[in-house]
Amino acid sequence: MSSGSEAPTSGEYIQHHLQNLTFGQHADGSWGIAHGAAEAAEMGFWAFHVDTLVWSLLMGFSFFFMFRSVAKKANSGVPSRGQAMVESIVEFVDTSVKESFHGTSRLIAPLALTLFVWIFFMNLMDLIPVDVLPFAASSAGIPYQKVVPTTDVNATMGMAIAVFVLIIFYSIRAKGVKGFLGELVFNPLNPEQLGMPKVVWPFVMAFNFLLEIVSLLAKPVSLGLRLFGNMYAGELIFILIALIFTAGSGFVGAGLSSMFGDHIPAWFWLLATATVFVTLWMNMKGLLNNKKTLWFVLAELFLVGGLAFVGGQLMHFGWAVFHILIITLQAFIFMMLSIVYLSMAQTHH
Amino acid sequence: MNMNATLILQMIAMLVFVWFCMKFIWPPLLKAMDERRAKIADGLAASDRAEKALQEANQEVEKQIKVARDKAGEIVDQANQRHSQILDQAKDDAIGERQRQVAAGEAEITQSANQAREELRATVASLAVLGARQILEKEVDEDTHRELLDKLIAEI
């Protein structure tokens, strides 16, 4: 729907929507934008998803300037509405941190606030109808545009890995390098406490290390992939709803084509429009009751393919309403898990 | 879903935003909120204190009113006492005055009576002498019969 002169198939449509705008080195050595998934994959690791970066930075700066403008004017008097809103978010995050993070750190609360609001903003991009920004971008000559950064695994894993780095940092700060490494190899089976002979220690430690490294690495992976999975699935459903709408109109269009051939005559549209107007006029004159009018209009809309349009809008709206819950919840979960993981990193097992 | 260097940039971006937040957003907001919390706590405490002060003032007022009322009662009592005192005194004075006047009147009356009696006696004596002289047809020598005469006068 968004680009190209000929209509894409459903598969192409979905693929197009799921393709990031990738900037990297082409196979021939020149740098530029990848056209198509295959080209993007060829670019290897040293490529950048420009859309993800731009939108996430945009959202990050929105967060920063929104909160900074309030913070600059913040006073202890009667708060303005904006200040009250920002403060309620800050209060909410602060309470969550105080409840879940045991220990003192100046970093954790701002970290939690940043994660929560930033991820919420990025998720919020999902509520913009799927075709709007890609269509605008393609009109401006940009072939691909994936506007929700959190549907890009790079963005979510990037944040998760940053949290992971902090987890390790906090572990080492609380327990020292020795304590941190010791926890990796002396848990859950402590050969010393179990009174094992020295000979088997390396095996037990290797076994422990395997278990512990998995549980350690599971943290960033669960953090990043949970957010990515939820948002990706949500985005996909939006795309599918958009497809249903398109396919619906296409289906009716095909029905009409079978009646009239390739070219639907103008008199059909005039007739359809006139019928709708006549129906409404009769209702106004009291010749048709409301129920009958509704059925007539629905039938007429169905005939010209409008029903699919209305249905698509309704489904889109319904899913968007439900999605408001998801985007908030996912932002909250990411924040809470980060706090909990960082709190766990500080405690001794 | 290809992992690429976006990951690294996103990671850096996140750390930078967290640092921004930690540096520029969190401290002023929390400071304002804490200050407001302190203000509100102060305000509540002040209102508590004011309420207590008001109660105390009310009690004090009641006490003062009670004292004033007692005092007023006392004054009224005193006035009443004084009133009756004055009345009594006036009565006493009046009675005294009356008695004095009565006594004076009586004294005057007694004096007048005595005087009248003396005059009467003298008159009677002279009448007696005159009578006797006429009876005796000779002049009674007053000097020789003084004794007799005095006896006669005393008998009247």
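In this predicted model, A:E192 is placed in helix α8 of chain A, which covers residues 191-194. Because A:E192 has 10 C-beta neighbours inside 10 Å, the residue counts as exposed. The C-alpha atoms of A:E192 and A:V321 are separated by 56 Å, while along the chain the two residues are 129 residues apart.

A second residue, A:Q145, lies in the loop between α6 (132-139) and α7 of chain A. Is A:Q145 buried or exposed? With 24 C-beta neighbours inside 10 Å, where 20 or more are required, A:Q145 counts as buried. A:Q145 and A:L21 are 124 residues apart in sequence, and their C-alpha atoms are 5.8 Å apart in space. If residues up to four places away in sequence are left out, A:Q145 touches A:L21, A:D51, A:L133, A:P134 and A:A137.

For chain A as a whole, the secondary structure comes to 12 helices and three strands. Of the 349 residues of this chain, 32% count as buried. Among the contacts in chain A between residues at least 6 apart in sequence, 71% join residues at least 24 apart.

Helix α5(A), residues 108-124, has 17 residues and reaches 24 Å from its first C-alpha to its last, close to the 24 Å expected at 1.5 Å a residue. Why is α5(A) described as largely enclosed by the rest of the structure? The reason is that 16 of its 17 residues are buried.

Two packed helices are described by the angle between their axes and the distance between the axes. The table gives these values for two pairs.

| Helix pair | Angle between axes | Distance between axes |
|---|---|---|
| α7(A) and α1(B) | about 55° | 7 Å |

On the side of α3(A) the contact is made by A:S56, A:M59, A:G60, A:S62 and A:F63, and on the side of α5(A) by A:V117, A:W118, A:F121 and A:M122. By class, this contact has six nonpolar, three polar and no charged residues.

The second pair joins the two chains, with α7(A) and α1(B) packing at an angle of about 55°, which makes α7(A) oblique to α1(B). The crossing of α7(A) and α1(B) is right-handed. In α7(A), the residues A:N154, A:A155, A:M157, A:G158, A:M159, A:I161 and A:A162 meet B:T6, B:L7, B:Q10, B:M11, B:M14 and B:L15 of α1(B). The residues of this contact divide into nine nonpolar, four polar and no charged.

For the contact between the chains taken together, 28 residues of chain B are in contact with 41 residues of chain A. On the side of chain B that touches chain A, there are 21 nonpolar, four polar and three charged residues.

Notes:
Residues numbered from 1 in each chain as written. Chains lettered and ligands numbered in written order. Predicted model: local features only at pLDDT ≥ 70, side-chain atom pairs only at ≥ 80, totals over all residues. Helix = DSSP H or I, 4+ residues; strand = E, 2+ residues; numbered from the N terminus. Expected span 1.5 Å × (residues − 1). Buried ≥ 20, exposed ≤ 12 C-beta atoms within 10 Å, placed from the backbone. Contact = placed C-beta atoms within 7 Å. Nonpolar A, V, L, I, M, F, W, Y, C, P; charged D, E, K, R; others polar. Axes fitted to C-alpha atoms, helices over the stretch in contact; angles between N-to-C directions. Parallel < 35°, antiparallel > 145°, perpendicular 65-115°, else oblique. Left-handed = near helix turned anticlockwise from the far one by under 90°.
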